[in-house]
Amino acid sequence: MPTPSQITASTCCYCGVGCGVLIEHDGEKILGVQGDPSHPANFGKLCSKGSTLHLTGDLDARGLYPELRLGKGLARSRTDWNSALEHAANQFAETIRAHGPDSVAFYISGQLLTEDYYAFNKLARALVGTNNIDSNSRLCMSSAVVGYKRSLGADAPPCSYEDIEQSDCLLIAGSNMAYAHPVLFRRLEEAKDKRPDMKIIVVDPRRTDTCELADLHLAILPGTDVALFHGILHILLWEGWIDRRYIDNHTEGFDELKKLVRDYSPAAVADICGISVDNLQACAEMIGKAPSFLSLWCMGLNQSSAGSAKNSALINLHLATGQIGRPGAGPFSLTGQPNAMGGRETGSLSNLLPGHREAANAEHRAEVAGYWGVDALPHNTGLTAIELFDAVRDGKIKALWIACTNPAQSLPDQNKVHEALAACPFVVVQEAFFTTETCHYADLLLPAASWGEKEGTVTNSERRISHVRRAVPAPAEARPDWAITSDFARRLEQRLRPGLPSLFAFENPEALFEEYKQLTNERDLDLSGLSYAILDNQGPQQWPFPAGAATGTPRLYADGRFPTDNGRARFHADPYRAPKEKREARFPLTLNTGRLRDQWHGMSRTGTAARLFGHVEEAALSLHPDELRRRRLQAGELVKVRSRRGSLIVPVQADEAVRSGQAYLPMHWGNRFLKGLGTNVLTLPAFDPLSKQPELKHAGVEVEKVELPWQLFALVEGDVQQRFSALRPLFDDFAYASLTLTGRERPALLIKAASAVAPEAELLARIDVLLGVDEGPVLAYDDPRRTVGKRVRIEDGRITAIRLAGETAARDWLKGLWSEGKTDAELRRWLLAPLSTPPGSASGQKAGKTLCNCLNVSESAVCAGIARGLDLNGLKQELKCGTSCGSCVPEIKRLLAQQPVAITA
Ligand SMILES: Nc1nc2c(c(=O)[nH]1)N[C@H]1C(S)=C(S)[C@@H](COP(=O)(O)OP(=O)(O)OC[C@H]3O[C@@H](n4cnc5c(=O)[nH]c(N)nc54)[C@H](O)[C@@H]3O)O[C@H]1N2
Ligand SMILES: Nc1nc2c(c(=O)[nH]1)N[C@H]1C(S)=C(S)[C@@H](COP(=O)(O)OP(=O)(O)OC[C@H]3O[C@@H](n4cnc5c(=O)[nH]c(N)nc54)[C@H](O)[C@@H]3O)O[C@H]1N2
Ligand code: SF4
Ligand SMILES: [Mo]
């Protein structure tokens, strides 16, 4: 019997801020979510994504039962867990026997819990005997891992969130915190509000919403960060703004770096970076004169063929000024995924081992092998994400296990990734949502429990470990990841090492945690003093937390001693190197990719909540208005975006935030929501030589207008996931197709498509059936000669479905009528007329985006308020926008700064 309104304290499953949530549920269903006031990451706050978690996860999109394909080309069908895992164990055992342990691989995720991670890692290294286990953190944090390790000696962000609030000068480089780490950004907004003297510098080629808080925005040319950081150091040296004593006592390698940065004069650097000498000087002065200096960075630095150099060049600035190990100071890398840190700790990148150890280090291998009770761990170098999928495509990997990540959307160079997955003899996908692009290729598809349904631990950006608690059971037969992995491992053991005691006799996640934590004993991250009980009694804790400790460790390196051989931190003198794809005539634009405020990666979860499409409804390429003019493009027109690897058709939009010569496309689009292979069909697989992290932010592209005169627009409310799945394949033959959700109280599927000529009548008829506009209370007008067709379904005096074919001039008008829940008197007259153009003044009025998702306030309402003379407080009071989660506040500030203020007499 469900009991109403129970509360379970857990964590948000999205970003690395690691907010605590209170899940309201009845023991079976999740009913609501609130910020946990006692969680030290967020103190009760949540952002637009966290606060809508309970609205996501439509069961129609979830995986409920295992599915197995018995031969390539056949359809998958439902099976039971026993058959599924027996089959998988047979396939893996046979592959390993025939082709050796390195013929199989595991590709996992920073969204797994620490316990899940640990089980996978032990499975790959101890049981299978391969280092072919890598995670999507390779696309995300691996440059930061290299930066911390080679500059400071260990992969440990030394700061706490309090340091951000206490700092006098903050450099935010390649991070759009306002979108990607919103609750931390709220904390920063409050700190800056209290101490307006605090200086904030943002380094980003785009003018993002994060810039709304900045005293200085350096819109550097893409990929030029290393030159910028060396240029800053050049000025710091020249002005004497360095800490000679700190350099002498706690570091090594400064002389070589000093020699290198001599060449990075202000004029040269301003030129490379495309900024003014004055701004460069101002930036160096803010840093050099600040009592405390902290830097925050994310994918703008890491996702680069110079990612390791960018990380170390930034850390150089902290070492040269002694700005580390003190309150408000230090190099603070923001982690993307909720447990990217846990993955690094448990050694879940191919080159690592648990407890911040190295797979290439014989001593480390022996330590872990001894602890696990196996003879030895493999010494062959494991494949990293890009290499791994190349090996799959080349046929070297014959069985691939993918968990909690969607490589057929998120890896660069998607044409090759899809080829690889199609060619792989045996692909297992362990997924919570069966709607993803990667699921399509699964020979065995395993339903995983997801947010609110599983237990374990996660580590956030500030090294803080939280206990993730289960609120409700997983739907149908979905199981938690640690359990799936351990169950499979036990079956594989019977085949690979029969008769020996099991390495995977775990009964619950706590047993995994207890085993894992001893591997951190006396390592830099020592968390062997922690337990689930301590986390429950004392709340989330920061490592190190060695045995016997009373509390965790908020700040590292206060004594200036670093975990290197000689205790000194190391300067690195890497010269600036330009991104791999230089601008050239054929591909003159640099394509930058990144996040939207309300979507998460491939949108398997956020894409189930119609309201989260209110802020940005569809994929569009951003270009500067000058760039549009030069190319004679109008906003809204469809263009083909081409790179050396593939192409994609999307509408263009004018965006002043993007500099001329550049383009921006959100990373979220894959083959499900947009026809084609998504954003990453364009990006390049070139990677950093040390971190092997690919350059996802700088691809050379060109755009050209496409003529696709035959257009389709459809909207249908109700059963959105089912209709989505049924309708999506019918749009494969259109040159352009975008499928998203819209609406709030009445979620609807929204489809826009275009092609050169009208599709077969039969295809349109099938689409109509699925839209429910083929029969029933449907008003229809078809003009076969002009190939214009209009259908509107009206139930209880309200529009419930729309389909326009041929041309779609009335789409925004009709969508407006649908959303207001009325049928205009003009509707019938318009429908019976041959033209599709909407009546009179209503021609194509666009409803505009929802700026404040919590209180449902549109951009147009905010602009109207500004025009009436309202300031931020006035807008908040009158419209209530920005008064709940606050995620829209930076954008409102930007509108305030743009709009001419009304003059009040
Ligand atoms: N809403 C939302 N939040 C998320 C996520 C999500 O999917 N949605 N994902 C999470 C994950 S896994 C991650 S890794 C983080 C990512 O968080 P961020 O890294 O903050 O997000 P991005 O938008 O990928 O990129 C940040 C910025 O880098 C800039 N940039 C591009 N090239 C350069 C360059 O050469 N130099 C500099 N200095 N900047 C550059 C881009 O213009 C962009 O504004 O977000 C996390 N949070
Ligand atoms: N162009 C471009 N590409 C990028 C980036 C970029 O900035 N630009 N960023 C890169 C970065 S930083 C990252 S982190 C990656 C992210 O790329 P992915 O890892 O592919 O992103 P997600 O869509 O979050 O994939 C996680 C999957 O796990 C599933 N899932 C959720 N919860 C669970 C669970 O508990 N168990 C299991 N088994 N499955 C679950 C989700 O449904 C989802 O399909 O994308 C990278 N790709
Ligand atoms: S900032 Fe938002 S997405 Fe990130 S953990 Fe907190 S609520 Fe979740
Ligand atoms: Mo990430």
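In the predicted model, α17 (407-410) and β17 (426-431) each contribute at least two residues to the lining of the largest cavity. This cavity has a volume of about 780 Å³, and a search of the whole structure returns 5 cavities of 30 Å³ or more. Its lining comprises 43 residues, among which Gln111, Gln337, Cys404, Trp600 and His601 lie nearest the centre of the cavity. Divided by class, the lining of the largest cavity consists of 19 nonpolar, 18 polar and 6 charged residues.

The second largest cavity holds about 460 Å³ of space. A set of 34 residues lines the second largest cavity, and those nearest its centre are Gly174, Asn176, Met299, Arg595 and Lys697. Two or more lining residues of this cavity come from each of the elements α5 (177-180), α12 (299-302) and β23 (589-594). Of the elements, β23 gives the most to this lining, with 3 residues. The class division for the second largest cavity is 12 nonpolar, 15 polar and 7 charged residues. As to its location, the second largest cavity lies between domain 3 (142-333) and domain 4 (589-705), because both domains give residues to its lining.

The surroundings of ligand 2 were examined next. Ligand 2 is surrounded by 32 residues, and the closest of these are Asn136, Ser410, Glu431, Ser604 and Asn680. Lys454 places a polar side-chain atom 3.1 Å from an oxygen atom of ligand 2. On its own, ligand 2 has 910 Å² of accessible area, of which the protein covers 97%.

Some residues named for ligand 2 fall within the elements named for the largest cavity. Ser410 is one of the residues closest to ligand 2, and position 410 belongs to α17 (407-410), which supplies at least two residues to the lining of the largest cavity.

Note on methods
Residues numbered from 1 in each chain as written. Chains lettered and ligands numbered in written order. Predicted model: local features only at pLDDT ≥ 70, side-chain atom pairs only at ≥ 80, totals over all residues. Heavy atoms only, no water. 1 Å grid on protein atoms, 1.4 Å probe; cavity = no way out; pocket = protein on both sides within 12 Å on 5 of 7 lines; lining within 4 Å. Points joined across faces, edges and corners; volume = space filled by probe spheres on them. Helix = DSSP H or I, 4+ residues; strand = E, 2+ residues; numbered from the N terminus. Nonpolar A, V, L, I, M, F, W, Y, C, P; charged D, E, K, R; others polar. Domains from an automatic or database assignment. Near = heavy atom within 4 Å. Polar contact = N/O pair within 3.5 Å; in protein donor to acceptor, adjacent residues only side chain to side chain. Areas by Shrake-Rupley, 256 points an atom, 1.4 Å probe, with all protein chains shown as cover.
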